[in-house]
2 protein chains.
Amino acid sequence: MSIQMNQSLSVDCAVFGFNGKSLKVLLIERRYYAPDTRLDKLKLPGAMILDNETLPQAAYRVLEEATGLRDVYLKQMDIFSDPNRVSGEELEWINRYHGIRTERVVTVGYYALVKLDTRTVAYTTAKGAQWVDVDSIQRLAMDHKQILSAALAVLCREMLQSPVAFELLPRKFTIRALQNLYSAVLGIEIDNRNFRKKILASGFLTPTAEREQGVAHKPAQYYTFNKNAYKKALKAKLKLGFINNWRY
Amino acid sequence: MSIQMNQSLSVDCAVFGFNGKSLKVLLIERRYYAPDTRLDKLKLPGAMILDNETLPQAAYRVLEEATGLRDVYLKQMDIFSDPNRVSGEELEWINRYHGIRTERVVTVGYYALVKLDTRTVAYTTAKGAQWVDVDSIQRLAMDHKQILSAALAVLCREMLQSPVAFELLPRKFTIRALQNLYSAVLGIEIDNRNFRKKILASGFLTPTAEREQGVAHKPAQYYTFNKNAYKKALKAKLKLGFINNWRY
DNA sequence: ACAAAAGTGTTCCTCTTACACCCATGA
DNA sequence: TCATGGGTGTAAGAGGAACACTTTTGT
């Protein structure tokens, strides 16, 4: 038993997107995959840490390669450090793929939120990646299913406590779209009248001059997220009683 | 620029305790310290990861060595991965102290909450460790001041959202003690009547048969934390509307 | 005219806040 | 008897939950 020096450190990213109906996650097919093995093909995008980069830098690098996007919402969520989290055939695959020889990989899980516009979808599909419905995923390579589950849990928590939802929506969106997003991610029904009241009262939505076009019903108003209003509200909150926020 | 293989991974623990008045953190003086260097002496307890252990296992190992305690509240909080977070003299110290030769140490920060009873204080002081008022700490070895700040921020957040406060109190405690703890950690004043109403209404406190003794005022009732009641409440909550908890 | 989704108000109730005095004990 | 901190109640206001119908558009 000695201090661990021949290990590698990696990052894996659960990249989430929302298509208006359901929550998607970006999966890639691993290369160097021999069709006769029974290893799962699909995995989360990830990479080993390089000499001179921090973990967030590595995560941004992975994200940019996978989606072509910079300036994306990205957050660390958990570390997966079981010495046997990859072993056997899976460990062999890693060593072969990266041309290294390690006995253990500790990975840091990140989750990212992107706006699923046509350009991004085009980029990812050109790379052979897929946006898969999170509810339909049964198995993934290595322990990536576990990493994905952890990311989903964190996403739920964050959505209830900060306005990360807007990272998943286009710049202009309808209140219904926002509501559907909450509904889909959290798996709950939300009363439209109360939701609308609450979200409008917050002052974080700015109405635009535009409305939906070509829909067979009353066209909906488009809004944008007012980041400044949110920041101001945060600062104001800090001065007041924190203790308000207790929940049991 | 190559995949990082000669790095080390470590854990550092911010161990918090509460003496009834103020929040303390456990600091140790580093050994192999040459009095003529200008390196700071005090640091958080920490260790390198061994071959066959997970990060939480390493953290528990550190904690047991530092405090003699098992079954302690311990939680991962952040990763410090700047390639230069330890360098120069500090890096030399690490290599000398551990008898290794690494160019980079990524560390995972944990925070722990312990009950500051006489036995624990005796154990730690026998080991030459100190319980230091968190507010009085200006500098620490390496980037440990930064790690401590991160831990404090997480502690504040957690205290507002889950009943971790009880980890810092003895099994039997007065409501005042609980209130003082919140007050001290969060740095706010709390109305005693409202606090008492709220905490008692939660049903998480069970009164004991005991009261304070030998105090020059009306003796206070002792309570214990009812973990089962809390767990039941959590489960009930899951069925209801999450959306309640929104805060902006 | 009809189908489809957008948008709108009110009532009830719970929870939060603000606030001041009496009580039990040791010295 | 006094000093000390423990312990109690109420009223006003804010915010949350439940609930059904009208509006606008395309077909």
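Where is the place of A:Phe173 in chain A? In this predicted model, A:Phe173 sits in the loop between α4 (144-161) and α5 (175-186) of chain A, with helices (H or I, at least four residues) and strands (E, at least two) taken as DSSP runs and numbered from the N terminus. Despite that loop setting, A:Phe173 counts as buried, because its relative accessibility is 3%; buried here means under 20% relative accessible area, exposed over 50% and partly exposed in between (1.4 Å probe, protein chains only). Setting aside residues up to four places away in sequence, A:Phe173 touches A:Phe166, A:Leu205, A:Gln221, A:Tyr222, A:Tyr223, A:Thr224 and A:Phe225, where contact means heavy atoms within 4.5 Å. Its C-alpha atom is 29 Å from that of A:Pro56, a residue 117 places away along the chain.

Some notes on conventions. Residues are numbered from 1 along each chain as its sequence is written, and chains are lettered from A and ligands numbered from 1 in the order in which they are written. Local features need pLDDT of at least 70 and side-chain atom pairs count only at pLDDT 80 or more, while totals for chains, interfaces and linings use all residues; side-chain values use heavy atoms, with hydrogens and water left out.

Turning to the strands of chain A, β2 (residues 23-29) has five of its seven residues buried, so it is largely enclosed by the rest of the structure. Two strands are said to pair if DSSP finds at least two bridges between them. β2(A) pairs with β1(A) in the antiparallel sense over three bridges, and A:Phe18 has A:Leu23 as its bridge partner. These two strands make a hairpin with four residues between them, and A:Gly20 in the turn shows a positive phi of about 100°.

A:Met142 itself lies in the loop between β7 and α4 of chain A. A:Met142 has a positive phi of about 45° although it is not a glycine, and at 18% relative accessibility it counts as buried. A:Asp71, in the loop between α1 and β5 of chain A, likewise has a positive phi, about 55°, without being a glycine. A:Asp71, however, is exposed, with a relative accessible area of 78%.

Finally, the largest nonpolar core has 46 residues, and A:Leu55 and B:Leu55 are those with the most contacts inside it. Such a core is a set of buried Ala, Val, Leu, Ile, Met, Phe, Trp, Tyr and Cys residues joined through side-chain atoms within 4.5 Å. Elements giving two or more residues to this core include α1 (55-67) of chain A and α1 (55-67) of chain B. Among the contacts of B:Leu55, leaving aside neighbours within four places in sequence, are A:Ile79, A:Val106 and B:Val11.
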